[in-house]
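Please keep the sequence and the model in view while reading.

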Amino acid sequence: MRRNSLRIALPAAGLLMTFLAPNSNAAKSSRSSGGDGSGTTVVIDAGHGGYDRGGIPGQRVSEKEMTLDVARRLKSVLTASGYRVVMTRDSDTFVPLGTRTAIANSYRNAIFVSVHFNSATRRGASGIETYFYSRESLPLASAIHHYVAGGAPSENRGLRRRGYFVLRRTNMPAVLVECGFLTNPTEAAYAQNASYRQKLAEGIAAGVRSRNSVASARSTTRVATAESIPLQPYIDQTRVTSSKKSRSKRSARKSTRRKKKKTSSKPAEMEARVASSDREG
Ligand SMILES: [Zn+2]
């Protein structure tokens, strides 16, 4: 069923992308004048690295390898478009989150793109999601999500606002893109395909290039505003379903009570999660 709906959705997405494509004159002039003509530095952040493999314990496909590969491809595409590119890591090394944001913050007129892949204990969880935090990051997030989710044969999990460390501590437009679930057999297979990773990189690059035009195309598309995207609590929503499943063994009454308790979870609890979690994305 999913496959059928994808076949229908893809040509539609293609049409939409053609419709929304930045005007070709602007694209041409940006190529000839280097990047978008404003001397923007793109800081590319390949998620995880070194002993931090990313993902969940026992995950077969290593997130850190996939993020580095997409990041390197993104670097090539953006460099070819005339952008100055900086990588927070360009090898299999562990770089603390604070170092990543410090690298980014040392550049003027920069934008920050963090590349990740998702994971969940529920194998069925799938799709692309893009995160931003500050208001100034919304056009970039919106554009990247538009091209990455629009060009991928995966579910569109939407644009989300969440206070990831690298998004909160970078003083520039900053986006974290989750390029699919490596714990989902179909998406893991996609991710292991080099041409698919190239497509992801090109989608992200298209978002970088058109970050201003996509956001301003209000008349042609419903562009999200910061107000329409509430701040997401720092809980791993991809794992909610599997915990529901394990609860189903208990009595219905008990599970309803637990559910109630969960929805009223205190902000303090979320803060504690933020504080205790250095690993993210
Ligand atoms: Zn990650």
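In what order do the six strands of the open sheet stand? The model is a predicted one, and in it the order is β2-β1-β3-β6-β4-β5, with mixed pairing. The edges are taken by β2 (84-87) and β5; each has a single partner strand, so one side of each has no neighbour in the sheet. From one strand to the next, the twist averages 20 degrees.

Two helices pack on the sheet. Helix α3 (residues 63-80) touches β1 (41-46), β2 and β3, and its direction makes about 145 degrees with that of β3. Helix α8 (residues 194-209) touches β1, β3, β4 and β6, and its direction makes about 150 degrees with that of β3.

| Strand pair | Sense | Bridges |
|---|---|---|
| β4 and β5 (residues 156-161) | parallel | five bridges |
| β4 and β6 (residues 174-181) | antiparallel | four bridges |
| β3 (residues 110-118) and β6 | parallel | six bridges |

Some single residues show these pairings. Y131 stands opposite R160 in β5, and the bridge partner of Y131 in β6 is L176. N118 has F181 as its bridge partner in β6.

Methods
Residues numbered from 1 in each chain as written. Predicted model: local features only at pLDDT ≥ 70, side-chain atom pairs only at ≥ 80, totals over all residues. Heavy atoms only, no water. Pairing = 2+ DSSP bridges. Axes fitted to C-alpha atoms, helices over the stretch in contact; angles between N-to-C directions. Contact = heavy atoms within 4.5 Å.
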